[in-house]
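Please keep the viewer open as you read.

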Amino acid sequence: MTDLVQKYRQILRHAKGLTIYNLTPDIAEQAAALRAKYNLRTPDAIQVAASLHGGATIFLTNDRGLQRVAEINVLVLDNLT
């Protein structure tokens, strides 16, 4: 394992305020529905579905294309400055 991978793993496992969800069948099904509805890329659909599953009300990204998702308030970082 490279040093960079280890650093990311350390950050993700110990970051305050960050929750990591396993990909459950419910999340996968919701991701598939979001992917179909909005023509999202699979990783994006999974992240949005997991966020919704966790009760998030805001999805922070720099991908302007995700603003079309109506199920969650999408904030684009570049628009915040």
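This is a predicted model: local features need pLDDT of at least 70, side-chain atom pairs count only at pLDDT 80 or more; totals for chains, interfaces and linings use all residues.

Residues are numbered from 1 along each chain as its sequence is written, and side-chain values use heavy atoms, with hydrogens and water left out.

**Overall fold**

The protein contains 3 helices and 2 strands, arranged along the sequence as α-α-α-β-β. Helices (H or I, at least four residues) and strands (E, at least two) are DSSP runs, numbered from the N terminus. The C-alpha trace spans about 40 × 35 × 25 Å along its principal axes. Of its 81 residues, 23% count as buried; here buried means under 20% relative accessible area, exposed over 50%, and partly exposed in between (1.4 Å probe, protein chains only). Contact means heavy atoms within 4.5 Å. Among contacts with a separation of 6 or more, residues 24 or more positions apart account for 21%. Accessible areas come from the Shrake-Rupley method with a 1.4 Å probe, and for residues only the protein chains shown count as cover.

**The nonpolar core**

In soluble globular proteins, nonpolar side chains tend to be buried together. A nonpolar core is a set of buried Ala, Val, Leu, Ile, Met, Phe, Trp, Tyr and Cys residues joined through side-chain atoms within 4.5 Å. The largest one here has 15 residues, of which Leu 34, Leu 40, Val 48, Phe 59, Val 69, Ile 72 and Val 74 touch the most other members. Helices H2 and H3 (42–53) each supply at least two residues of this core, and H3 gives the most, with 5 residues. Leaving aside neighbours within four places in sequence, Leu 40 is in contact with Leu 34, Arg 35, Ala 45, Leu 66, Arg 68 and Val 69.

| Residue | Relative accessibility |
|---|---|
| Ile 27 | 1% |
| Asp 44 | 11% |
| Thr 61 | 13% |

Ile 27 is found in helix H2. Beyond four places in sequence, Ile 27 meets Tyr 21, Asn 22, Ile 46, Ala 49, Ala 50 and His 53.

Asp 44 sits in helix H3. Its side chain makes a polar contact with the side chain of Arg 41 (2.8 Å). A polar contact is a pair of N or O atoms within 3.5 Å; within protein, one must be able to donate a hydrogen and the other to accept it, and residues adjacent in sequence count only if both atoms are side-chain atoms. Not counting residues up to four places away in sequence, Asp 44 touches Asp 63 and Leu 66.

Thr 61 belongs to strand S1 (residues 58–61). A polar atom of the Thr 61 side chain lies 3.0 Å from the backbone nitrogen of Asp 63.

Which residues make the nonpolar surface patch of about 520 Å²? They are Leu 4, Tyr 8, Leu 12, Leu 18 and Ile 20. Leu 18 lies in the loop between helix H1 (3–14) and helix H2 (25–38), and is partly exposed at 41% relative accessible area.

How values were computed:
Patches are made of residues with over 30% relative accessible area and no salt bridge: like charges are joined within 9 Å, nonpolar side chains (Val, Leu, Ile, Met, Phe, Trp, Tyr) within 5 Å. A salt bridge is a side-chain nitrogen of Lys or Arg within 4 Å of a carboxyl oxygen of Asp or Glu.
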